[in-house]
Amino acid sequence: MKNSVLILIGILFISANIYGQEYMTRSGYIWFYSQTPVEDIKAHNRQVACILNTETGDVGVTLLMKSFEFKKALMQRDFNRQYVESDKYPKATFEGKITDLSKVDFSESGKYKVPVSGKLTIHGVTNKINTDVNLTVKEDNVIAAKAMFIASPADYDIDIPKVMRDNIAKEIEVNVDFELKKR
Amino acid sequence: MKRKKIRKIALIIIGVLVIGGAATGYYLYTKPTPDVAGIKPEYTLTADELTRAFNSDEQKATQKYAGEVIEVSGQIAEKTANDTSMTFILTGQKDPGSGVRCSFSPNALEQAKQYDVGDQVQVKGKCTGKLFEVVLINCYLTKD
């Protein structure tokens with residue numbers, strides 16, 4: 001399952017070379033935020049790859065879990081070793097689609113809000129997610145994409161030990177900030 | 001009289017241990033992620049060697065290198081920069097297709113600005129695995 005998603009995203013990247021309607025980045029920014037009364041935790045990943053086909057609305061995102069940076073060393077270690085097991089599941093992927101292409105005109109500069117739906121795989125577990133993405137079509141072939149969605153560790157079979165349960169939110173806010181350039 | 005004294009001392013010792021334990025725990029828990037600048041690289045190799053390791057057996061290379069601070073030398077094939085970040089793609093001499101994506105620590109931005117495409121450099125950073133290129137984060141330029 002995980003492999004087929006990777007292959008699909010691979011195909012998406014290869015096909016980008018053939019058709020000219022692809023926008024991409026390999027230094028996209030994703031950060032997540034866990035807020036509890038005990039502690040606020042943030043982690044940042046600035047090495048996210050994303051590709052968008054403006055013709056079909058296909059979107060592919062992939063990232064390395066170890067690229068997430070935490071302020072606290074112990075938190076970073078536990079995240080990788082215990083929670084997402086990044087040695088076993090080094091990547092997270094999203095494969096989806098802009099479900100309503102009529103909401104955006106890629107030939108016209110401006111701001112658009114588009115619905116995106118697809119499959120998010122973290123820790124080897126795939127869930128369907130839906131979210132709105134704010135697109136800013138800019139001149140010089142650049143599209144900025146921003147989104148926020150909620151992911152629950154439990155949905156991805158991520159087991160938080162009892163001692164940490166008050167420190168880590170049941171719902172994690174995930175923020176996405178990409179600047180896609182035409183290939 | 002004597003027993004009272006022993007009890008007092010014992011209480012003081014227990015108190016010190018509890019406070020010390022809590023302080024140590026707090027220190028360990030809040031200890032910041034160490035900066036790559038102060039870490040000695042676990043491996044030193046060329047962009048060619050690193051890329052080849054990942055291309056021949058990604059899983060094995062991930063296990064070996066991901067999470068480690070490593071030092072990589074190569075030629076800058078691509079440089080992308082904005083106000084807050086800077087990324088080099090390093091390639092090797094033998095294998096122009098090889099690629100190591102190095103994104104710099106905010107502390108190393110000024111230093112990295114001095115280099116351009118075509119320059120031969122040596123970069124130290126934390127390897128996080130391979131996405132499309134092998135990825136190094138928190139990089140610093142190192143002098144040989």
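Predicted model: local features only at pLDDT ≥ 70, side-chain atom pairs only at ≥ 80, totals over all residues.
Start with confidence. Chain A has a mean pLDDT of 91. In that chain, 89% of the residues reach 70 or more. The lowest confidence in chain A falls in helix H1, residues 2-18, at a mean of 62. The highest falls in strand E6, residues 110-122, at 97.

Now turn to the interface. Chain A puts 23 residues into the contact, and chain B puts in 23 residues. Interface size is often quoted as the accessible area lost when the parts come together. Here chain A and chain B bury about 2,000 Å² between them. Carbon and sulfur atoms account for 56% of that area. Three residues stand out on the side of chain A: A:Arg26, A:Gln47 and A:Lys66. They supply 30% of the area that chain A buries against chain B, more than any other three residues.

Polar pairing also crosses this interface. The rule finds 13 residue pairs in polar contact between chain A and chain B, with both residues at pLDDT 80 or more. Which elements give two or more residues to the side of chain A that touches chain B? They are strands E1 (22-35), E2 (40-53), E3 (58-64) and E4 (69-70), together with helix H2 (73-83), of chain A. H2(A) makes the largest contribution, with 4 residues. By residue class, this side of chain A divides into 10 nonpolar, 6 polar and 7 charged.

Charge is the next topic. Side chains of opposite charge can pair when their charged atoms come close. Over all chains, the structure holds 11 salt bridges. Between chain A and chain B the count is 2. In one salt bridge, the side chain of A:Arg26 meets that of B:Glu133 at 2.6 Å, N to O.

Other salt bridges lie within chain A. One joins the side chains of A:Glu39 and A:Lys72, at 2.2 Å, N to O. This pair links distant parts of the chain, 33 residues apart. A:Glu39 sits in the loop between E1 and E2 of chain A, and A:Lys72 in the loop between E4 and H2 of chain A. Is A:Glu39 buried or exposed? A:Glu39 counts as buried because its relative accessible area is 8%, and the cut-off for buried is under 20%.

A:Lys66 is buried, with a relative accessible area of 11%.

A further salt bridge pairs A:Arg77 with A:Asp78, at 3.6 Å, N to O. A:Arg77 is partly exposed, with a relative accessible area of 39%. A:Asp78 is buried, at 11%. Shared partners also tie salt bridges together: A:Arg26, B:Arg101 and B:Glu133 form one network.

Finally, look at one loop residue. A:Thr54 is found in the loop between E2 and E3 of chain A. A:Thr54 is buried, with a relative accessible area of 11%. What is A:Thr54 in contact with, leaving aside its neighbours within four places in sequence? The contacts are A:Gln21, A:Tyr23, A:Leu101, A:Phe106 and A:Ile143.

Technical notes. Residues numbered from 1 in each chain as written. Chains lettered and ligands numbered in written order. Heavy atoms only, no water. Contact = heavy atoms within 4.5 Å. Buried area = accessible area lost by both parts, 1.4 Å probe. Salt bridge = Lys/Arg side-chain N within 4 Å of Asp/Glu carboxyl O. Polar contact = N/O pair within 3.5 Å; in protein donor to acceptor, adjacent residues only side chain to side chain. Nonpolar A, V, L, I, M, F, W, Y, C, P; charged D, E, K, R; others polar. pLDDT = per-residue confidence, 0-100. Buried < 20%, exposed > 50% of the residue type's maximum accessible area, 1.4 Å probe, protein only.
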